[in-house]
Amino acid sequence: MVRILRLFFSTLLLFCGIVSPAFSGEPQDQLRQTTDKVLAILSDPAFKSPDKAKVRRELILRTVDERFDWEEMARRSLGRHWLQRSPEEKQEFIRLFKDLLERVYMDKVEGYSWNKIIYEGEQIDGNYATVRVKVFTSKDQTIQVEYRTRKRENQWLIYDFLVEGVGVVSNYRTQFNDIIVKSSYQELIKRLKTKATQDGMDEKKK
Amino acid sequence: MKRKNNSMTGLLLIPCYLLTLWLWVLPGLGFANSDPESSREGSYSPSIYHFVFLSAQNSMPAVQQEDEDREDKPDRIPDPLEPANRIFFHFNDKLYFWALKPLASGYKWVVPEDLRLGVRNFFTNLTTPIRLVNCLLQANFKGVGNETVRFLLNSTLGLAGFLDPARTELKIEKTDEDFGQTLGVWGIGPFFYIEWPILGSSSLRDTFGYAGDLLLDPKTYLLQSVPLSLAVRAYDQINETSLRIGEYEDFKRNTIDPYVAKREAYYQNRQYKIKKR
């Protein structure tokens with residue numbers, strides 16, 4: 001019975017065109033390279049001991065740095081408020097935003113065990129490309145991640161990523177906009193700085 | 001038995017009473033405004049917001065504007081109840097840290113993870129009718145087939161749903177559908193955001209969806225007493241939380257305004273699920 005049903009549904013799946021082997025191009029390859037490097041560092045026994053945690057963290061962040069376009073992300077997260085900022089303010093904001101996103105990324109990488117990653121394909125549109133990835137966690141959950149990348153000097157750099165449809169940059173944009181509109185840009189910077197020092201303290205406690 | 005059913009219906013009606021109450025209050029809060037630009041700001045002085053937005057837009061150079069089109073259009077869920085929602089958000093936050101998390105941590109300490117994953121599987125299997133019926137309502141026949149196979153297989157070989165051989169052996173994942181999504185597929189928008197005490201993030205549409213799902217949930221029928229039913233639901237919640245300790249903490253650490261972040265994440269995730277089906 002089960003076998004018949006299985007056969008029936010696998011043919012159904014075939015007809016639905018679900019089984020489309022992902023052809024991989026440049027954006028996906030580059031993303032995979034970075035992810036593989038990070039996974040290699042994570043599973044490297046040399047960094048397993050707690051006193052090596054800081055070294056490992058720095059190594060991972062340096063690897064990730066190559067793949068993320070922090071400036072573009074920061075610009076997009078401020079949206080229409082970006083143009084009203086002076087060059088110095090922009091530089092300060094990029095730095096604060098990068099710090100924040102790096103902490104987010106490290107939480108995701110260190111906090112959950114990624115059992116398996118499946119690359120589900122990419123879509124290229126001129127200098128823009130999306131790469132879809134499915135992450136299997138150790139707790140039997142699957143998480144759909146979509147990376148948005150943009151080509152700069154032969155490198156496809158990530159400027160946004162969506163986790164289960166939730167866009168990280170647009171989520172921050174809504175938060176930032178809310179604070180700027182209700183109080184001021186200075187208030188936003190103040191809150192970002194408080195956040196950074198708070199997290200720094202949490203880090204030490206760990 | 002009849003009396004008990006009545007009290008169950010009474011329980012279901014509470015959200016409806018509250019909703020009608022809110023619907024009466026809404027026009028006074030400026031929700032009736034259909035312009036998406038101003039309803040986005042809800043009750044917060046739309047005129048000032050409009051002024052700021054329009055002046056910024058006018059000063060944008062043309063090239064920038066073209067580039068801006070690549071970004072997601074600001075698509076947000078109206079939040080006319082924000083003051084009340086924020087109070088409930090605060091309440092839910094405290095509920096998590098003071099009650100749910102300590103309970104779940106103790107439970108996690110006693111019960112091994114495999115067993116807790118089994119309990120999660122059991123509850124997931126039990127709510128198959130919700131997913132199956134909603135797949136049908138959305139004409140998602142692949143989903144109907146998958147849910148049927150999963151239920152038959154997991155209820156028998158999967159030992160009443162504690163194991164998930166359909167996923168582990170046949171690679172058939174569950175199709176996560178609910179009535180709120182069905183209403184969305186039928187073209188009904190979320191209307192506005194609601195943060196319910198205890199239940200958490202929802203929208204007007206999804207609240208009706210939740211009521212509909214309760215009618216399809218076997219727990220509603222199998223457990224004839226309301227306290228028992230609530231206890232089972234609470235247990236389900238504690239079990240689920242025990243598998244997710246740390247996620248909410250991370251989320252709060254990573255956000256500048258957790259309330260706004262949660263609202264937008266809820267909305268985007270719902271839109272994504274409705275589109276995905």
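This is a predicted model: local features need pLDDT of at least 70, side-chain atom pairs count only at pLDDT 80 or more; totals for chains, interfaces and linings use all residues.

I looked up L162(A) first: its bridge partner in β5(A) is G167(A). Residues are numbered from 1 along each chain as its sequence is written, and chains are lettered from A and ligands numbered from 1 in the order in which they are written.

Next, the β4(A) and β5(A) pair. Strand β5 covers residues 166–167 of chain A, and two bridges tie it to β4(A) in the antiparallel sense. I count strands as paired if DSSP finds at least two bridges between them. The two form a hairpin with two residues between them. In that turn, E164(A) has a positive phi of about 50°.

Then I turned to β3(A), residues 142–152. It runs antiparallel to β4(A), joined by eight bridges. I found R150(A) bridged to L157(A) in β4(A). This hairpin also has two residues between the strands, and E153(A) takes a positive phi near 50°.

How many residues of β4(A) are buried? Seven of the nine in this strand, residues 155–163, are buried, so I noted β4(A) as mostly covered. Buried means 20 or more other C-beta atoms within 10 Å of the residue's own, exposed means 12 or fewer, and partly exposed lies in between, with C-beta atoms placed from the backbone.

Last, L59(A), in helix α3 (residues 53–65) of chain A. L59(A) counts as partly exposed because it has 17 C-beta neighbours inside 10 Å.

Definitions and conventions:
Helices (H or I, at least four residues) and strands (E, at least two) are DSSP runs, numbered from the N terminus.
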